[in-house]
Amino acid sequence: MRKISYAAAIVEALRQSLIEDSNVSLVGSYVLGLGPKRVLMDQIRDEFSDRIFDPPTSEAAIISLGAGAAMAGARPFVDIGTASFTYVGWSPLVNEAAVACYMSGGNQRVPVVYHMLHGLRIGGAAQHSHSPQAMLWNAPGLEIVLPSSPYDVKGLIRSAIKSNNPTILVDHARLMDIEGEVPEHDYEIPFGRGDIKRPGRDVTVIATSYIVQTALTAAAQLANEGIDVEVVDPRTLVPLDRDLILDSVGRTGRLVVADETYLSCGVASELAAIVVEHGFKSLRAPIIRVARPDIPTPFSRPLEEAITPTAEKICAAVREVLVWN
């Protein structure tokens with residue numbers, strides 16, 4: 001099978017969606033960020049110029065526009081850019097888009113996709129490095145998608161655009177250059193269906209977004225020590241594939257959760273709580289979270305590295321849970 005970059009897989013999914021449905025449009029066309037891969041969007045800009053709107057920088061207005069257009073029958077794919085800036089558009093996101101279906105008794109659907117780049121991206125500092133997926137997870141009514149591979153991002157974008165619910169597509173700039181096998185044909189990945197990225201028997205490591213790649217690096221290093229790690233990628237937080245997570249922990253008996261959100265009330269915290277609540281009998285060791293500490297992100301590269309969930313930190317956590325018999 002051919003290999004393409006994560007960024008190319010995004011473009012392919014968007015193009016197929018634009019061809020398939022004339023109601024699909026793009027609000028903001030710098031979906032790939034400001035790196036060299038951004039030129040891949042030129043084909044879409046040329047081919048669908050009448051369905052692309054690059055608005056002025058005003059995240060609250062852009063989020064409101066996307067919600068309103070979706071309520072009127074369109075299927076906009078809205079690029080917010082940096083995920084940190086969703087905070088200025090929090091009200092239309094969680095008070096309008098997320099709850100419209102419930103507040104209308106199911107009569108008002110909001111088929112909008114909000115795309116954003118989150119996380120530690122080398123020098124983003126405190127105002128450009130947020131990972132708001134945990135806070136969004138605390139806002140019922142939103143579907144939350146966290147791709148980690150070229151194959152996944154193509155299939156998940158196709159599902160997101162076809163969804164009748166407001167969907168948050170949380171992407172990571174450090175994934176854009178990663179290459180992987182992606183079929184040329186059209187396909188969708190259903191929400192709520194996680195994936196075992198690497199099977200193993202000794203320890204389960206649950207990871208999301210770019211940290212899935214970090215976890216796979218850690219698993220390869222640990223294999224040299226005779227430790228067999230299973231890497232589980234939920235792929236979507238809402239809906240969440242609880243069965244896949246609990247089944248994996250049931251087989252290994254040990255769990256490390258690695259994620260880029262903050263340690264307190266973060267994604268790792270919620271996943272750990274779910275396993276304790278529903279899979280406690282399976283656990284042979286305490287759960288360890290490898291997450292971002294509760295401090296503003298420093299601009300300094302060495303300090304940013306110090307708070308990043310790295311492969312070395314995941315390896316250390318895995319070795320620690322294996323001490324328990």
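Me: How many residues of strand 7 are buried?
Reply: Strand 7, residues 167-172, is mostly covered, with six of its six residues buried. Buried means under 20% relative accessible area, with a 1.4 Å probe and protein chains only. Strands (E, at least two residues) and helices (H or I, at least four) are DSSP runs numbered from the N terminus.

Me: What kind of model is this, and what are the pLDDT limits?
Reply: This is a predicted model, where local features need pLDDT of at least 70, side-chain atom pairs count only at pLDDT 80 or more, and totals for chains, interfaces and linings use all residues. Residues are numbered from 1 along each chain as its sequence is written, and side-chain values use heavy atoms, with hydrogens and water left out.

Me: Back to strand 7. Which residues point which way?
Reply: T167, L169 and D171 point one way, I168, V170 and H172 the other, and all are buried. In a regular strand the side chains alternate between the two faces of the sheet.

Me: Which strands pair with strand 7?
Reply: Strand 5 (residues 113-118) runs parallel to strand 7 and is joined to it by six bridges. Strand 6 (residues 143-145) also pairs with strand 7 in the parallel sense, over three bridges. Pairing requires that DSSP finds at least two bridges between the two strands.

Me: New topic: what volume does the largest pocket have?
Reply: About 600 Å³. A pocket is an open set of points on a 1 Å grid over the protein atoms alone, where a 1.4 Å probe fits, with protein on both sides within 12 Å along at least five of seven lines; lining residues have an atom within 4 Å of a point. The volume is the space filled by probe spheres set on the points, which are joined across faces, edges and corners.

Me: Which residues are closest to its centre?
Reply: Of the 26 lining residues, Y30, G33, L34, D79 and G81 are the closest to the centre of the largest pocket. Strand 4 gives the largest share of that lining, four residues.

Me: And the second largest pocket, what volume and which residues at its centre?
Reply: Its volume is about 250 Å³. Of its 15 lining residues, A134, M135, C265, G266 and V267 are the closest to the centre.

Conventions:
Buried < 20%, exposed > 50% of the residue type's maximum accessible area, 1.4 Å probe, protein only.
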